[in-house]
Amino acid sequence: MYDIAIINGSIIDGTGSTIQKRNLYIKNDIIEIISSEIYKAKYVIDASGLAVSPGFIDIHTHSDISALFDNTMESKILQGVTLELAGNCGNSSAPAVGELEAHNYKQGYNLHSITEVPDNESIGKLGSQMERVGITNNYASLVGHSTLRKAIVGEAFRDSTDEEIEAMCSLLEKQIIEGAFGISFGLIYAPSSFAKKEELIALAKIVSKYQGIVAFHMRNEGAGIFEALDECIEIAQLSGAQIQISHLKLSHKSVHLMAGKVLDKIERARSRGVKIYCDQYPYRASSTSLKVLLPPWALDGGVEQALNRLINEKGEITKELDAKILQRGGASNIFINNTFGRCPEYEEKYLNEILEERGWSEVECIKNILIDCKLRVSAIYFTMDDEDVYRFLKQEDIAVSSDGRSFTLNTDKLKGNPHPRNFGAFPRALKLMRDRKLLPLELAIHKMTSLPASILGISDRGIIQEGKIADLVIFNPETIEDTASFKQAASKPKGIVYVIVNGQIVVKEGNVVKSGTGRFIKKSLGGYNG
């Protein structure tokens, strides 16, 4: 007697192999048998007309402490995401030491609804807390470089000393020993952006020692993308580390339609032995803080000093702001989506709408919003070309990701209007690949399952095979699609019928029916330890 039988489904195993009609039987959390035979089970799912695939692995997320707000992980689990890798873009919620101990967890969240303070002394303790509070999908994490630098160097705009680099390397190594999968560099965000190449290489060498990954939010994803790629490749070569280019994109019109050239550069690096992978979300708009438009030196010393500098500046910031606004496509392409309760009058408006209302110039508009919101404001930037998005999506060896975090779909609790990628990245990717005939379904699923699993060194998930963990998605390949929009992000996708995490049904008929099924997934000294 098996716990769950999935019969009459079209099994897509995640490897890119041919789809097969088979029955699948689960006992506890394991796929016990894949067969054409019929066996008894306590619960039977008739998957006639449906696809059965491994659970989707979101290799680039910011769900570091999302479970402390809503442990159902609703916006992700309804997409079929059964494992999230947090700690990206240089920021992780652990390890928080020194001045970070009380403050690090505040980044990007509205604290009034938090259930408990994060146990963010280390990645290991935070991961264990996620299990204890009952996270619904599986949780893994990188260590953020900015987090390390704040803990050891602070937020000063300066080079780190040899002693500080050694201390960061030691702290990083402790986190990897506790289960972190590697490090993320956020090279447009302070203080990660303050670091010189020597610091990055030293940290990457620690990751290489444990066969982890080094994720890069590059210094430039627009006009300077080729130089930024050169830096990543050089760090990979000098450290021996496997690198992951985060959310690959071309976000400036001067490099639009150059996706092929970017891919050629990456392929040439691989031919020289560089271990390089990429991930991508399937949208032409990005989302991040508005303060990324400031020059790095303006953020020296943290928020209070940056605000004083912005209020009292004599034109130095203005000049660089003007250039950054142009790089992002101008005021008509920058959309304010969240001020975290400070200035709702700015929300859900493009910058050009705000500056016309107030009679401000573009630079005045940015400066005034940043000052009024104490630098804490999120924006959506419409800077990419759809054809580049499709070209990257067509690439078999680029993993699909969201670059988002788990949110509730309860709009009464949701603050602001997040990017729709938080609610629809994976269904959208499948719809685009289907409708535009970019890839067959087998390869589309590969980009979401066994590819990210192999990048991370995970051997028991991301594939449907006897003896593997039962993380599964059952969906209609003809109707699966996203419904989230830039105006209304909190919207459930269509076509996903069941989601199973660690052998337990968490989504049934498109609704969350169970929570608390997830685990803290660790990478140990000897490789992967699930």
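Which residue stands opposite V52 in β5? In this predicted model, for which local features need pLDDT of at least 70, side-chain atom pairs count only at pLDDT 80 or more, and totals for chains, interfaces and linings use all residues, that residue is I11. Residues are numbered from 1 along each chain as its sequence is written, and side-chain values use heavy atoms, with hydrogens and water left out.

Helices (H or I, at least four residues) and strands (E, at least two) are DSSP runs numbered from the N terminus, and two strands pair if DSSP finds at least two bridges between them. Strand β1 (residues 2-11) runs parallel to strand β5 (residues 51-54), with 2 bridges joining them. Strand β5 is also joined to strand β19 (residues 472-475), in antiparallel orientation, by 4 bridges; here P54 stands opposite L472.

Nonpolar cores were defined as sets of buried Ala, Val, Leu, Ile, Met, Phe, Trp, Tyr and Cys residues joined through side-chain atoms within 4.5 Å, where buried means under 20% relative accessible area, exposed over 50% and partly exposed in between (1.4 Å probe, protein chains only). The largest core has 61 residues, and L172, V214, F216, I245 and V262 have the most contacts inside it. Helix α6 (residues 225-239) supplies the largest share of this core, 8 residues. Apart from it lies another core, of 40 residues, including A51, F407, F475 and A484. Contact means heavy atoms within 4.5 Å. Beyond its neighbours within four places in sequence, V214 is in contact with I183, F185, A204, V207, A241, Q242, I243 and Q244.

A cavity is a set of points, on a 1 Å grid over the protein atoms alone, where a 1.4 Å probe fits but cannot get out; lining residues have an atom within 4 Å of a point. Grid points are joined across faces, edges and corners, and a volume is the space filled by probe spheres set on the points. The count comes to 1 cavity of 30 Å³ or more. About 50 Å³ of space lies in the largest cavity. Its lining includes L248, Q280, Y283 and D388, and helix α12 (residues 386-393) contributes the largest share, 3 residues. The lining divides into 7 nonpolar, 1 polar and 3 charged residues (Ala, Val, Leu, Ile, Met, Phe, Trp, Tyr, Cys and Pro count as nonpolar, Asp, Glu, Lys and Arg as charged, and the others, Gly among them, as polar).

K492 is found in the loop between β19 and β20 (496-501). K492 is partly exposed, with a relative accessible area of 34%. Not counting residues up to four places away in sequence, K492 touches L78, L409, T483, G510 and N511.

Key
On a 1 Å grid over the protein atoms alone, a cavity is a set of points where a 1.4 Å probe fits but cannot get out, and a pocket is an open set with protein on both sides within 12 Å along at least five of seven lines; lining residues have an atom within 4 Å of a point.
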